[in-house]
Amino acid sequence: MGATQTQEEKFIHMTQEPVPHLICELAGPTIISMLVTSFYNMADTFFVGQVGTSATGAVGIAFSVMAVIQAFGFFFGHGSGNYVSRKLGAQEFDEAAKMAATGFVSAFIMGLVIMAAGLAFLDPLCHMLGATDTILPYARSYLGFILIGAPYMTASLVLNNQLRFQGSAFYAMIGIASGAVINIVLDPIFIFVFHMGIGGAALATIISQFISFCLLIAGTRRGGNLRLDIRKFSPSLERYKIILNGGAPSLCRQGLGSVATACMNLMARPYGDAAIAAMSIVMRITQFAASVMIGFGQGFQPVCGFNYGAKKYGRVKEGFWFCVRVSTVFLCIMAVCGWFGAELLVTIFRKGDPDVIRYGTRALRLQCISFPLVGWITMCNMMMQTMGKGVRATILSMSRQGLFFIPLVLTLPAYYGLFGVQVSQPISDVVSFLVAIPLEIGVLREMTREMRAMELESGITT
């Protein structure tokens with residue numbers, strides 16, 4: 001009864017607290033989590049960069065596989081978490097607990113499949129993802145360790161997202177941020193003290209991810225959260241349909257992100273290891289800047305889920321527009337800083353390699369042009385996905401790094417060389433922004449009609 005009472009108190013807080021204050025309250029821990037994780041990604045690239053240009057390129061190659069692992073983690077995490085959030089908003093606690101267990105166990109099983117398949121075909125996989133002959137040994141060493149951690153890495157993402165969607169961003173932050181901090185500490189020890197090279201960086205990653213996994217499990221036992229109970233694992237066609245509807249946008253976004261990265265590496269390969277390394281560095285930098293905006297949006301998602309489940313549509317719309325305004329202003333500032341500081345930022349990661357610096361500086365400046373548009377795209381996607389608007393959310397999530405980026409990056413280099421690789425993402429951002437406008441307008445109009453229908457029904461009842 002005590003746990004149920006705590007969940008009821010959380011429901012009241014999520015549906016009655018002023019929306020801007022509530023989003024900022026929940027966004028604080030998620031922003032910290034995203035920043036620490038992104039900082040780890042950059043630190044990992046920095047430490048590996050001390051090994052050599054080919055090692056830095058190997059991290060870019062491995063990113064595609066890590067994106068697949070993340071894709072399935074987010075698929076089951078968002079697919080189950082969105083539903084859990086709505087069911088908690090409707091105060092159906094037992095159904096929420098069953099979905100939480102189903103999402104967790106399913107993700108762990110999928111991680112085992114990824115691990116087995118990846119280790120069985122490790123060399124062909126590295127070649128397929130764009131590794132050159134000089135990058136291959138580093139990519140093989142790095143990925144061999146990363147794949148071992150795939151089961152609990154996918155499951156960790158499920159726990160992280162389920163905690164966030166329950167309005168417990170603090171516990172999610174503790175799990176994710178602690179793992180990232182430990183990783184940053186272990187990286188230089190394994191790489192330079194134990195002389196393990198790039199393999200040491202990957203070993204540090206899977207050790208820290210396991211610690212994060214354990215902390216996230218502990219977080220499910222606190223703060224009125226749904227206690228993880230694998231005995232409630234209840235696989236059914238209906239539940240997997242719900243997970244597919246809510247998680248497909250994440251799977252498409254992350255999965256296509258993996259394919260997009262592989263395509264980018266393949267198209268950059270003719271220009272040497274320096275080109276692959278430069279694009280990998282730029283990817284890390286832009287991810288760091290975007291992590292604040294994404295963390296802010298993640299503070300909106302539980303607010304959206306709870307209030308949409310409780311049919312408080314006015315609060316959902318208020319939260320959406322608040323997030324769009326804040327994220328757009330922030331990204332404009334980041335774009336200006338990135339444009340003028342591009343050369344310095346790239347030099348930090350690969351000092352002494354003029355080709356990497358030259359390629360990376362131009363690529364980063366090009367991405368800064370379209371960077372302010374990403375806030376609108378991301379918030380629209382988050383809102384539609386949390387509300388269960390699976391088809392529209394999937395279309396939008398596929399657009400930025402799939403429907404538009406992949407054809408562009410495969411086509412433009414034939415006409416513009418490496419510049420074609422570098423300009424593909426900015427062009428894709430602009431087109432995705434235009435696609436998001438009618439999709440979001442449709443969702444907002446639907447909520448407006450629902451609100452009017454509820455007002456009319458209330459008037460008739462009165």
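The model is predicted: local features need pLDDT of at least 70, side-chain atom pairs count only at pLDDT 80 or more, and totals for chains, interfaces and linings use all residues. Residues are numbered from 1 along each chain as its sequence is written, and side-chain values use heavy atoms, with hydrogens and water left out.

**Stop 1: α6 and α9**

Select residues 136-148 for helix α6 and 197-219 for helix α9. Helices here are DSSP runs (H or I, at least four residues), numbered from the N terminus. The two axes come within 8 Å and cross at roughly 15°. Axes are lines fitted to C-alpha atoms, for helices over the stretch in contact; angles run from 0 to 180 degrees between N-to-C directions. α6 and α9 are therefore roughly parallel to each other (angles under 35 degrees count as roughly parallel, over 145 as roughly antiparallel, 65 to 115 as roughly perpendicular and the rest as oblique). Their crossing is right-handed, meaning that the near helix is turned clockwise from the far one by less than a right angle.

Now show the side chains. α6 contributes Tyr 138, Ser 141, Tyr 142, Phe 145, Ile 146 and Ile 148 to the contact. From α9 come Ile 198, Gly 199, Ala 201, Ala 202, Leu 203, Thr 205 and Ile 206. Contact means heavy atoms within 4.5 Å. By class, there are 10 nonpolar, three polar and no charged residues. Ala, Val, Leu, Ile, Met, Phe, Trp, Tyr, Cys and Pro count as nonpolar, Asp, Glu, Lys and Arg as charged, and the others, Gly among them, as polar.

**Stop 2**

Pick His 195, in the loop between α8 (169-193) and α9. Its phi is positive, about 55°, although it is not a glycine. His 195 counts as exposed at 69% relative accessibility (buried means under 20% relative accessible area, exposed over 50%, partly exposed in between; 1.4 Å probe, protein chains only).

**Stop 3: α4 and α10**

Select 93-120 (α4) and 237-268 (α10). They pack at an angle of about 75°, with axes 11 Å apart. That makes α4 roughly perpendicular to α10. On α4, find Glu 95, Lys 98, Met 99, Thr 102, Gly 103 and Ser 106; on α10, Arg 239, Tyr 240, Ile 242 and Ile 243. This contact has four nonpolar, three polar and three charged residues.

**Stop 4: α3 and α11**

Select α3 (residues 53-89) with α11; the packing angle is about 5° and the axes are 11 Å apart. α3 is thus roughly parallel to α11. The contact residues divide into 11 nonpolar, 11 polar and three charged.

Stay on α3 and pick Phe 72. It is partly exposed, with a relative accessible area of 22%. Phe 72 touches Met 110, Ile 114 and Leu 251, not counting residues up to four places away in sequence. Its C-alpha is 6.4 Å from that of Thr 154, 82 residues apart along the chain.

Switch to Ala 274 in α11 (residues 273-309). Ala 274 counts as buried, at 12% relative accessibility. Beyond four places in sequence, it touches Thr 53, Asp 355, Val 356 and Tyr 359.

**Stop 5: on to α12**

Pick Lys 311, in the loop between α11 and α12. Its phi is near 65°, positive in a residue other than glycine.

Finish with α12, residues 313-340. Its 28 residues reach 41 Å from first C-alpha to last, close to the 40 Å expected at 1.5 Å a residue (1.5 Å times one less than the number of residues). Buried residues in α12 include Tyr 313, Arg 315, Phe 320 and Leu 331.

Note on methods: Helix = DSSP H or I, 4+ residues; strand = E, 2+ residues; numbered from the N terminus.
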